[in-house]
Amino acid sequence: MKIILAIMLTVLLASHAHADTLADSARVLFKVGYSQFNPNLGDNRKAMDSFIELVCKAHEANEIDSIVVRAYASPDGQNEANNRLARLRCRNIAELIASRTDIDPAKIRSYPEGVAWNELRRIVYENKDVPSREKIIDILDNVPLWIYDSKGQIVDGRKKRLMEVDHGFAYRWLYNNVFPQLRNAVAVALYTKSTDRNETAAYENVGNPDSTDSAESAGSSTTSEASELIDATVAEDTSGNSVTSITEYSGSSMTEDSGKSLADTFMTANSRPFYLAVKTNMLFDAALVPNLGAEFYLGKNLSLYGDWMYAWWDNDSRHRYWHIYGGDLGLRWWFGKRAHEKPLSGHHVGIYGGVLTFDLEFGDTGYMGGKPGGTLWDRCLVNTGIEYGYSLPIGSRLNIDFSIGLGYIGGNYIKYFPFDNDYYVDKEYKLRFFGPTKAEISLVWLIGKGNKNIRKGGDR
């Protein structure tokens, strides 16, 4: 919260470089798709109560010049819906402030800013972990918001180009790791009168607060002093080229109490995502063999996994045993469109190896892996092979993974029979098997930052 508030304060400070003194500010969160103020969400109640208290004091002292309310959106979702939501959020916060302070509503200025393209641009410039970063930067710097054909129809645009980079993988990464910073928030700021200022001409030329919305709907954007200074607006000139980033107006020297630069703050806020999958093979579960596995995404479409199964059911009085335990380690390479969109999804091929032992008896003849009474290594069979599979998303953090493996199983096992409350070895065998050695239909739980399946169309 402190990091993001520092970012939004930078925006607000820069936008009022020629206006009055910033006396206080607050950040209000909204649930996805909601426009009503929720005091129980995050720090909303505390933030607004503190802000309202200072507004009341400034109002009693006749020191208020203006209160500015700004709403932001990320590139995902429909522009029309995002802009409508931004207008409603601004209006509701403005009405809340007016009702609790008796301030003249004319002093409350609302700016639904639309898509925060320049904020996105700055984050991508600062964060070297962004996939296909150079391609993303080139699109943000050089591709207009909309591209038209000779008939005036929109045929291409900035968002479409971003979604096409590396088959959508880079856009998914931005969606999970950057877009949450750009959506579902409203910034409010209190400006008090200055004794050594000129009149606040910056506000006189702002024009229609909804100009960003109308510009995006028409495929172009207007420019004004305010829109050029606000980093999070959709600010473009008439040719479709983006205006200069806010860092050229205000610099990057703003620091938090810790003394970190804003660039350091952005790097901290955009740390590398973490992808982990915890899974259970439902085929083994159906055979009463409890099992659990974990898979870690290593980067560059590679993952490392391990799993273990353990069943130790028995009824010695009836000579029934169902003992199976063992596990695998494997390395997978992911490929295909879905794998490019999000790690640990889609097609995968890999290699694996593991150990297995068993003791199976059903009241008569029994079979045991390895030598009775020996160590685990004396009793284990080894297996290795190659595999192919596909991991299908079925929920926000759930996949089903279908896999099959071909390879080799080798080792020793014995055939035995019970007699007179004891067990006797009938014969010892050597196992040398080439063929299917693995079958998996696993329920997969996705854990970690950014490790989430996004429904088509995205959240707003």
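**Group meeting: salt bridges, cores and a sheet**

Glutamate 134, at 57% relative accessibility, counts as exposed. I'm starting there since it has a partner: in this predicted model, the side chains of glutamate 134 and arginine 133 meet in a salt bridge, 3.6 Å from N to O. Arginine 133 sits at 18% relative accessibility, so it counts as buried, the cut-off being under 20%.

Okay, on to the other salt bridges. The structure holds 16 of them. Have a look at lysine 279. Its side chain meets that of glutamate 295 in a salt bridge, again given as 3.6 Å, N to O. Lysine 279 is in strand β7, residues 276–281, and glutamate 295 is in strand β8, residues 291–299, so this pair ties together parts that are 16 residues apart in sequence. Is lysine 279 buried or exposed? At 5% relative accessibility, lysine 279 counts as buried, and glutamate 295, at 3%, counts as buried too.

Lysine 279 also makes a salt bridge with glutamate 440, at 3.6 Å, N to O. Glutamate 440 lies in strand β15, so here the pair ties together parts 161 residues apart in sequence. Both lysine 279 and glutamate 440 are buried. And through shared partners, salt bridges join Lys279, Glu295, Arg332, Glu387, Asp401, Lys438 and Glu440 into one network.

Now the greasy side of things. The largest nonpolar core has 31 residues, and Leu120, Val124, Ile136, Leu174 and Phe179 touch the most other members. Elements giving two or more residues to this core are α4 (117–126), α5 (133–142), α7 (169–177) and β15 (422–447). Which of them gives the largest share? That's α7, with 5 residues.

Zoom in on valine 124. Setting aside neighbours within four places in sequence, valine 124 is in contact with Val130, Arg133, Ile136, Ile137, Leu140 and Leu174. Another core, of 24 residues, lies apart from the largest one, and includes Phe30, Met48, Ala71 and Cys90.

Last stop, the sheet. There's an open one of 4 strands, ordered β1-β6-β2-β3, with mixed pairing. Its edge strands are β1 (21–29) and β3 (108–115), and the twist averages 20 degrees from one strand to the next. β1 and β6 (residues 185–192) run antiparallel, joined by 8 bridges; alanine 26, for one, has valine 188 in β6 as its bridge partner.

Helix α3 lies across β1, β2, β3 and β6, at about 160 degrees to β3. Just after α3, aspartate 102 takes a positive phi of about 65 degrees.

Technical notes. Residues numbered from 1 in each chain as written. Predicted model: local features only at pLDDT ≥ 70, side-chain atom pairs only at ≥ 80, totals over all residues. Heavy atoms only, no water. Core = buried A, V, L, I, M, F, W, Y, C linked by side-chain atoms within 4.5 Å. Buried < 20%, exposed > 50% of the residue type's maximum accessible area, 1.4 Å probe, protein only. Contact = heavy atoms within 4.5 Å. Pairing = 2+ DSSP bridges. Axes fitted to C-alpha atoms, helices over the stretch in contact; angles between N-to-C directions. Salt bridge = Lys/Arg side-chain N within 4 Å of Asp/Glu carboxyl O.
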